[in-house]
Structure formats: C-alpha cells, structure tokens
Amino acid sequence: MSAERRCPQQLTWADFPKRKEADGWRCRKCRVLLTGRRTSWCSRQCEREVLLVVHWRYIRICILRRDKFRCQTPLESGGVCGQMAREVDHIVELADGGSFSDWVNLRSTCKECHKKKTAKSRMARAAAKKIPTISPNPVFTNMRCLMAAKTIQVTFNSLKVGAYFTIKGERFKKFSALTYESLDNAILGETYSTPGLLVDVVAPVNPTKAVVSKAVKKTVKKTAKR
Ligand SMILES: [Zn+2]
Ligand SMILES: [Zn+2]
C-alpha cells in the first residue's frame with residue numbers, strides 16, 4: 001500500500017508506521033493504545049485523516065465529488081469552465097511547492113484545462129529560472145575599455161539610468177534616478193537608492209578613452225588617482 005512520493009511535501013504511508021510498544025499496538029495516527037485485535041487504527045476517523053493526506057486516489061475522488069465532477073478552472077471571461085471533470089489539479093503546482101493534499105490547493109479539472117494550465121505553469125517556471133543575461137555596461141561601450149576592464153566603486157548617483165552595477169556580487173540595473181532593480185532576484189523588484197551608495201561597476205583602465213558620463217568620468221579619475 002506504499003504510495004510513491006510525488007514531491008518532497010507529500011506524506012506517505014511510511015510516515016505513519018505500525019507501532020507496537022511494550023503495552024501493545026498504537027494507532028498509526030494518534031498513538032492511542034489499541035484494544036482487541038486492532039493493530040493500525042483506533043477509529044475510522046484516524047484512518048480517513050491519513051488517507052486524506054497520503055492516498056492520491058482517495059483525495060482525488062473526494063475533490064471530484066466536492067466539485068460535482070465539474071471543471072473548476074476559472075475562465076478569463078469570469079466564472080468557471082464547468083466541463084465534465086475527471087482529473088484533479090494542484091492549483092499551486094507541486095513543483096512550485098504547492099500543498100499535495102490541502103483541499104484549498106485542489107480543484108477538479110477537465111483534460112483540456114489541465115493541459116493548458118500545466119503548460120502555462122511549466123513556462124512560468126522556465127522563465128523564472130532564466131537569469132537575464134547582462135549586456136555590457138552602456139556607460140562603457142568602448143571595446144578597448146571593456147577588454148581592459150576592471151571593477152571599481154562609484155556612487156549610485158553618478159551612474160546613468162540604465163547602467164549595470166553589482167553590490168556584493170548581486171547584479172542590478174539603474175532603473176531611474178532613485179531606483180534600481182535586481183537582475184538576479186527579480187522578486188525583490190526595485191529598491192530605492194540611498195544617497196552616495198557605493199556600487200561596483202566595470203571600469204576601463206584608462207578612463208579618458210571611455211564613453212562615460214561627466215559625473216562618472218570625475219569619479220573614475222578620482223578613483224584612478226588613488
Ligand atoms: Zn487514532
Ligand atoms: Zn475545463
């Protein structure tokens with residue numbers, strides 16, 4: 001009866017082992033001392049509670065009944081699909097850490113909606129995984145400079161909007177005069193800069209040949225003199 005684990009967050013029968021202690025058998029769910037010839041469950045209630053977290057076929061039929069075998073996938077135009085449903089869908093997918101057995105995360109679905117939704121989630125995951133590729137800092141587009149590039153520290157204010165920089169290895173892009181966005185951790189979104197915040201940028205060895213904004217040029221010169 002051992003169910004295969006579909007995801008790390010799923011419990012299986014093995015998580016509720018039979019247990020015999022000195023005084024006798026214990027309920028696999030609540031550990032109450034069992035009487036008579038029982039060796040697994042103290043009650044139908046305990047058995048059902050475990051079925052509801054480990055046994056997909058049981059969970060599935062419960063959800064289909066709850067939804068009266070109608071597809072509950074929401075439509076863009078409002079309402080739900082309502083087609084005959086024979087499958088049950090994890091709203092937040094298991095691969096995204098969604099609960100395996102929580103009824104809130106489960107809904108009946110027709111084959112067509114299920115297919116569409118799975119493909120959509122898969123694409124969203126792939127997009128989330130893809131780290132944006134960093135293009136050369138537009139402030140330093142001169143090829144010779146890039147070839148002889150090194151990292152220097154400048155203040156955030158001296159960067160042009162759209163410039164790339166790093167702070168402790170994390171990559172950012174200047175979004176506006178005040179804000180910047182992370183390229184490595186898109187969830188964080190934009191952050192407000194603090195005046196004079198020091199950031200790392202790729203800098204040319206010979207700053208005079210670089211295509212830089214006046215402000216950066218000044219900073220780079222100062223840094224180079226040091
Ligand atoms: Zn029990
Ligand atoms: Zn549907």
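Which residues form the largest nonpolar core of the protein? The core has 11 residues: Ile152, Val154, Phe156, Leu159, Ala163, Tyr164, Phe165, Phe172, Tyr180, Val199 and Val201. A nonpolar core is here a set of buried Ala, Val, Leu, Ile, Met, Phe, Trp, Tyr and Cys residues joined through C-beta atoms within 7 Å. A residue is buried if 20 or more other C-beta atoms lie within 10 Å of its own, exposed if 12 or fewer, and partly exposed in between, with C-beta atoms placed from the backbone. At least two residues of this core come from each of β5 (150–155), β6 (164–167) and β10 (198–203). In soluble globular proteins, nonpolar side chains tend to be buried together.

The structure is a predicted model, in which local features need pLDDT of at least 70 and side-chain atom pairs count only at pLDDT 80 or more, while totals for chains, interfaces and linings use all residues. Residues are numbered from 1 along each chain as its sequence is written, and chains are lettered from A and ligands numbered from 1 in the order in which they are written.

The protein has five helices and 10 strands; helices (H or I, at least four residues) and strands (E, at least two) are DSSP runs, numbered from the N terminus. Of its 226 residues, 21% count as buried. Two residues are in contact if their C-beta atoms, placed from the backbone, lie within 7 Å. Among contacts between residues at least 6 apart in sequence, 50% join residues at least 24 apart.

Strand β6 runs antiparallel to β7 (residues 170–174), and four bridges join them; strands pair if DSSP finds at least two bridges between them. Thr166 has Arg171 in β7 as its bridge partner. Two residues lie between the strands of this hairpin, where Lys168 takes a positive phi near 50 degrees.

Lys68 has a phi of about 55 degrees although it is not a glycine, and Phe69 has a phi near 60 degrees. Most residues other than glycine have a negative phi. Lys68 is exposed because 10 other C-beta atoms lie within 10 Å, whereas Phe69, with 14, is partly exposed.

Trp103 sits in the loop between β3 (87–90) and β4. Trp103 counts as exposed because 12 other C-beta atoms lie within 10 Å. Leu52 is 51 residues from Trp103 in sequence and 9.4 Å from it in space, C-alpha to C-alpha.

Helix α3 (residues 111–129) has 19 residues and reaches 27 Å from its first C-alpha to its last, close to the 27 Å expected at 1.5 Å times one less than the number of residues. Helix α3 is hardly covered, with one buried residue among its 19.

Confidence is given by pLDDT, the predictor's value for each residue, from 0 to 100. The mean pLDDT of the protein is 80, and 74% of its residues reach 70 or more. Confidence is highest in strand β4 (residues 106–109), at a mean of 97, and lowest in helix α4 (residues 143–147), at 46. Over residues 138–148 the pLDDT is below 50, and this stretch has 30 contacts in the model beyond near neighbours in sequence. Residues 205–212 also stay under 50, with 22 contacts beyond four places in sequence. Where pLDDT is low, the predicted coordinates should not be read in detail.
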